[in-house]
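This report describes two parts of one protein chain. Each part is taken in turn under its own heading.

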Amino acid sequence: MRTQVGIVGGGPAGLLLSHLLHLQGIESVVLERRSRRTLETEIRAGVLEQGTADLLERTGLGERMRREGSVHRGINLQFGGRRERVDFEDLVGRSITIYGQHEVVKDLIKARLEAGGEVYFEAPAVSISDLESENPKVRFEKDGEQEELVCDFVVGADGFHGVSRRSVPEGTLREYERFYPFGWFGILVEAPPSTEELIYTNHERGFALISTRSPRIQRMYFQCDPHEDPDAWSEERIWEEMQARVALDGWRLVEGPIIEKNVVAMRSYVAEPMRHGRLFLAGDAAHIVPPTGAKGMNLAASDVRVLARALGEYYARGSEELIERYSEVCLRRVWKASRFSWWMTSMLHRFPGDDPFQIRLQIAELDYVTGSRAASESLAENYTGLPFDPEFEEVLGGEEYLSEPHTGSR
Ligand code: DHB
């Protein structure tokens with residue numbers, strides 16, 4: 001088998017890249033280890049930065065998102081018995097869209113298959129070789145057979161545990177890492193929303209977050225031990241903990257049947273550079289952020305936005321300039337998002353060994369962030385998605401294959 005761009009991984013990064021390449025007439029093959037059903041039902045994050053939602057919209061993927069997603073113009077921060085709203089629309093004139101990652105994936109798979117795109121499910125990549133040649137190869141399995149895909153370029157979009165990053169020769173990547181000594185216990189609840197906008201809570205029992213998925217399904221999280229066993233938590237015990245952390249002047253969460261529970265560990269990780277020879281790393285294969293602030297999928301989208309543009313330049317004009325700059329351009333944004341996610345995590349969670357002084361500092365920070373226009377504007381700018389910096393904007397300037405957003409500014 002031969003293609004122009006071999007994409008290892010059919011999550012948001014791989015599928016969106018395949019879509020953006022297709023819009024420029026560039027051929028790709030997506031190899032995904034999991035089944036289509038798993039991809040389309042796995043519950044992950046659900047916050048799209050304005051730039052991510054606009055990108056989906058401008059590339060013809062916005063129809064269901066506009067109908068079923070919901071636009072939020074702010075979030076709430078709760079601490080010291082107060083709930084304060086940060087008004088994104090007022091502060092930066094931007095908003096976010098709540099729309100589950102698996103819904104984005106469903107829309108992408110549908111668009112790729114309808115356009116005749118080659119997406120292979122249950123086709124795990126086994127190895128990637130010849131990265132330094134002009135014909136890198138991906139060996140993969142399909143229906144019990146070993147196959148080989150010969151490409152001009154390979155993109156590793158197969159997540160943190162995928163084979164792509166491990167295919168880079170030992171000692172080539174610099175890795176930066178931080179573990180957080182807690183996890184998030186996530187639940188999906190069949191109930192109407194308790195709040196119009198997200199609530200991030202700093203509480204003495206630990207962090208809690210109230211989010212949503214639809215008018216009938218709510219998404220909530222609470223800080224827990226990273227090794228917590230979800231089955232050790234009955235519905236009653238979960239509700240007791242959630243209610244205790246978010247209670248405010250008699251305000252209570254609307255409860256309902258818990259239809260899913262899981263625990264996610266939290267870490268920050270960045271690998272540099274994001275390219276080796278003709279292999280490009282994108283999304284979680286290159287970097288992980290803790291979930292606080294919901295940057296993971298948004299970073300995946302901005303990586304492949306840059307990559308699609310760089311490959312577009314290569315195929316249209318034979319220029320390798322943008323390809324050469326892929327890693328540097330992406331990493332500037334990756335590090336800013338890593339900083340923001342680390343900061344939100346640090347401000348909102350209880351850390352083992354926190355003393356009363358540390359806790360007072362957290363409360364002072366939350367008081368400052370919600371009380372000062374300068375500070376809340378910084379939060380709003382980061383949360384809704386940093387503008388692509390001027391140099392970056394220039395890099396992305398020629399996206400002639402994108403249409404105007406249907407709705408203008410959200
Ligand atoms: C969600 C996840 C996040 O990490 C976050 O910061 C906000 C919302 C969510 O899954 O809805």
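## Terms and basis

Buried means under 20% relative accessible area and exposed means over 50%, with partly exposed in between (1.4 Å probe, protein chains only). Helices (H or I, at least four residues) and strands (E, at least two) are DSSP runs, numbered from the N terminus.

The model is predicted, so local features need pLDDT of at least 70 and side-chain atom pairs count only at pLDDT 80 or more, while totals for chains, interfaces and linings use all residues. Residues are numbered from 1 along each chain as its sequence is written, and side-chain values use heavy atoms, leaving out hydrogens and water.

Two strands pair if DSSP finds at least two bridges between them. E1 runs parallel to strand E2 (residues 28–31), joined by four bridges, and Ile-7 has Val-30 of E2 as its bridge partner. Four bridges also link E1 with strand E12 (residues 153–156) in the parallel sense; there Gly-6 stands opposite Val-154.

## Helix H11

Gln-362, Leu-366, Val-369 and Thr-370 of H11 are buried. The face turned away from the buried side of H11 carries exposed residues, including Phe-357, Arg-360 and Tyr-368.
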